[in-house]
Amino acid sequence: MGAMATETDCNLDSGSQKAGAWKLPGQRMLSPERLALPDYEYLAQRHVLTYMEDAVCQLLENREDIGQYGIARFFTEYFNSVCQGTHILFREFSFIQATPHNRASFLRAFWRCFRTVGKNGDLLTMREYHCLLQLLCPDFPLELTQKAARIVLMDDAMDCLMSFSDFLFAFQIQFYYSEFLDSVAAIYQDLLSGKNPNTVIVPTSSSGQHRQRPALGDAGMLDGVEASLFYQRLENLCDRHKYSCPPPALVREILSNVQRLTFYGFLVALSKHHGINQALGALPDKGDLMHDPAMDEELERLLVQVPGLVNSITATSEASCLPSRTPHRVGSPWKPLHRSRKLDAESDGSTEETDESET
């Protein structure tokens, strides 16, 4: 088990500030933290047991197929995929959100797969972005997509169009810090209603699924809450929160620039903050969002190898910006292709557009 921890040490970081900053595959380095922590504490912090359990489950599910390759090779390729961040492709939502590294890997995969949407200047609705998310995770919940869209659209209708970069950075905050934001919503509501600031909020893994966020039409939303008091509550929350939180210093920086703010004003500030994006480490800076030399090189190599692929891609992109069907769901590089799900690709055809905010 200790050897396996060394193999996965290249990228399994449970802290919010370095979740996406993993080393490249092949750079098997033993972190200094590994030597400073007891074995089981280190394994829990890096979620190694989560991956071991998943690997064993997949091994048992596919033991007949894996038998011809060998167990050692299976574990090697499984943990290589974890290091590369490809292990989350087409997996169930419960696995994608299971660890900070899984969340960061999913964010990066979504960006790399669909950055051409932004490169082409296409604007999509919330439903259309949700269809894209379902291409990578068939059971991705609509509610998370709606919450991310609300950060961008604010009081606009949910069927308005959004740029790729606006949606992506809002989605990053909502998806990665989901449990934290649900607790923040409860704190904000308490401050608006004047409840006891010493009330302890105990989040659960499912608490955010049905929590009612502040309504934009509420009178309190117009004035917001006092920023200094809001920060005091958030500072206490970060100290005891078992899920990922934005770096407290950056939260303090955001709140120190205003006297009062609204809940969605706070979420917008988080999504646009350069330092928070860097601390999370899953996505490039906004100015580099459309550039991915490694992916471009790989695509060019594939285009050369497959005759007629360029014409096929061009015809497809002209016909529709969204694929018409979902790829088969697979659990890992070894999981057999099976089962497909239809996408809810409904769109009301709205032609309204929102300007892409640049900050």
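Select Asp-166 and Lys-286 first: their side chains meet in a salt bridge (3.8 Å, N to O), the term meaning a side-chain nitrogen of Lys or Arg within 4 Å of a carboxyl oxygen of Asp or Glu. Asp-166 lies in helix α11 and Lys-286 in the loop between α17 (274-280) and α18 (293-305), so the pair ties together parts that are 120 residues apart in sequence. Helices here are DSSP runs (H or I, at least four residues), numbered from the N terminus. Asp-166 counts as buried at 9% relative accessibility, whereas Lys-286, at 26%, is partly exposed. Buried means under 20% relative accessible area, exposed over 50%, and partly exposed in between (1.4 Å probe, protein chains only).

This is a predicted model, in which local features need pLDDT of at least 70 and side-chain atom pairs count only at pLDDT 80 or more, while totals for chains, interfaces and linings use all residues. Residues are numbered from 1 along each chain as its sequence is written, and side-chain values use heavy atoms, with hydrogens and water left out.

Next, select Lys-147 and Asp-182, a salt bridge whose closest N and O atoms are 3.3 Å apart. Lys-147 belongs to helix α10 (residues 142-153) and Asp-182 to helix α12 (residues 178-193), so this pair joins parts 35 residues apart in sequence. Lys-147 is buried at 10% relative accessible area, and Asp-182 is buried at 1%.

Move to helix α6 (residues 71-84), which has 14 residues. Within α6, Arg-73 and Glu-77 sit four residues apart, about one turn of the helix, and their side chains form a salt bridge (3.0 Å, N to O). Arg-73 is partly exposed at 43% relative accessibility, as is Glu-77 at 29%. The buried residues of α6 are Phe-74, Phe-75, Tyr-78, Phe-79, Ser-81, Val-82 and Cys-83.

The structure holds seven salt bridges.

Finish with the largest nonpolar core, which has 81 residues; Phe-106, Phe-110, Phe-230 and Phe-266 touch the most other members. Helix α11 (residues 164-176) supplies the largest share of this core, nine residues. Such a core is a set of buried Ala, Val, Leu, Ile, Met, Phe, Trp, Tyr and Cys residues joined through side-chain atoms within 4.5 Å. Centre on Phe-106 and show its contacts (heavy atoms within 4.5 Å): not counting residues up to four places away in sequence, Phe-106 touches Ile-88, Ile-96, Leu-133, Leu-136, Cys-137, Phe-140, Phe-171 and Phe-175.

Definitions and conventions
Helices (H or I, at least four residues) and strands (E, at least two) are DSSP runs, numbered from the N terminus. The expected span of a helix is 1.5 Å times one less than its number of residues.
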